Amino acid sequence: MDVKIEQSWKQVLQREFDEPYFAELVRFLHGEKAAGKIIYPPGSMIFKAFNLTPLDQVKVVILGQDPYHGAGQAMGLSFSVPDGIPAPPSLKNIFKEIESELGVRMSGRPNLESWAKQGVLLLNSVLTVEASKPTSHSNIGWQRFTDAVIRCISDNCDGIIFLLWGNYAKSKRELIDSSRHYVLEAAHPSPLARGAFFGCGHFSETNRILTREGKTPINWQI
């Protein structure tokens, strides 16, 4: 199956694209669209995280669950929405933590592409969703695919920093070789976590680790 995705990812994930479950996933999406259902993000953005952050450039992984399900929000990057769209509550809390940790002022722009281009893979576990129906595509095969992505990073890279926020993201820890990588865990930034995310220190700790590894720190300020 020919999937339009950045070449380094295509090479290491080709086995997944050739699996029957992935062909069925594609058939399901085509069928839903043919039935008139609205699917987010647009097809050209489904693999945006991979296209902005090639495998050999990955330094940090921030794992989300599934795309935003409101009109114009989903853009193929976990937690990110396009410029001109109001920042969702979880993203606002992420920005508050960055300001508190690093002593910087965030602009409020909700587009995280600048992080992706610096090596932060903004990966959702599920890559599509039906409009206004959160988690509607959680059982169509995406999790098998993105679990393979996490294993691929674990097996092919060294010194990657995985930021796992909330119980769902933490459940993916078993896919990561912690003898080769760094795993930082915290509560989810959602307001439903009642502020438990604040004070996690992940953004400053990530940059300390990157510096120690001889890698360029991430400029988190947007």
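A polar contact is a pair of N or O atoms within 3.5 Å; within protein, one of the two must be able to donate a hydrogen and the other to accept it, and residues adjacent in sequence count only if both atoms are side-chain atoms. With that term in place, I turn to the structure itself.

What you see is a predicted model, in which local features need pLDDT of at least 70 and side-chain atom pairs count only at pLDDT 80 or more, while totals for chains, interfaces and linings use all residues. Residues are numbered from 1 along each chain as its sequence is written, and side-chain values use heavy atoms, with hydrogens and water left out.

I begin with Thr128. This residue lies in the loop between β3 (120-124) and β4 (129-130); helices (H or I, at least four residues) and strands (E, at least two) are DSSP runs, numbered from the N terminus. Thr128 is buried, with a relative accessible area of 0%, where buried means under 20%, exposed over 50% and partly exposed in between, for a 1.4 Å probe and protein chains only. Its side chain makes a polar contact of 2.8 Å with the side chain of Trp142, and another, of 2.7 Å, with the side chain of His137. Beyond four places in sequence, Thr128 touches a set of residues that includes Leu29, Ile39, Tyr40 and Ile46, contact being heavy atoms within 4.5 Å.

Leu29 leads us to helix α2. This helix, residues 20-34, has 15 residues and reaches 21 Å from its first C-alpha to its last, close to the 21 Å expected at 1.5 Å a residue; the expected span is 1.5 Å times one less than the number of residues. Tyr21, Phe22, Ala23, Leu25, Leu29 and Glu32 are buried in α2, and the buried residues of this helix pack against α1 (7-17), β1 (39-40), β4 and α6 (142-156). Just after α2, Gly36 takes a positive phi of about 90°.

Helix α8, residues 202-212, has among its buried residues His202, Phe203 and Leu210. The elements covering the buried residues of α8 include β2, α4, α5, β5 (161-165) and β6 (182-186). Gly214 follows α8 and has a positive phi, near 80°.

I come now to empty space. Rolling a probe the size of a water molecule over the atoms shows where such space is left. On a 1 Å grid over the protein atoms alone, a cavity is a set of points where a 1.4 Å probe fits but cannot get out; a pocket is an open set with protein on both sides within 12 Å along at least five of seven lines; and lining residues have an atom within 4 Å of a point. Grid points are joined across faces, edges and corners, and a volume is the space filled by probe spheres set on the points.

The largest pocket has a volume of about 560 Å³. Of the 31 residues that line this pocket, Gln65, Asp66, Tyr68, Ser90 and His188 are the closest to its centre. Which element gives the largest share of the lining? That is α7, with four residues.

A search of the whole structure finds one cavity of 30 Å³ or more. The largest cavity, of about 30 Å³, is lined by Ile46, Pro67, Gly76, Asn124, Val126 and Leu127. Ile46 and Pro67 are also among the residues that Thr128 touches, which returns us to the residue where we began.
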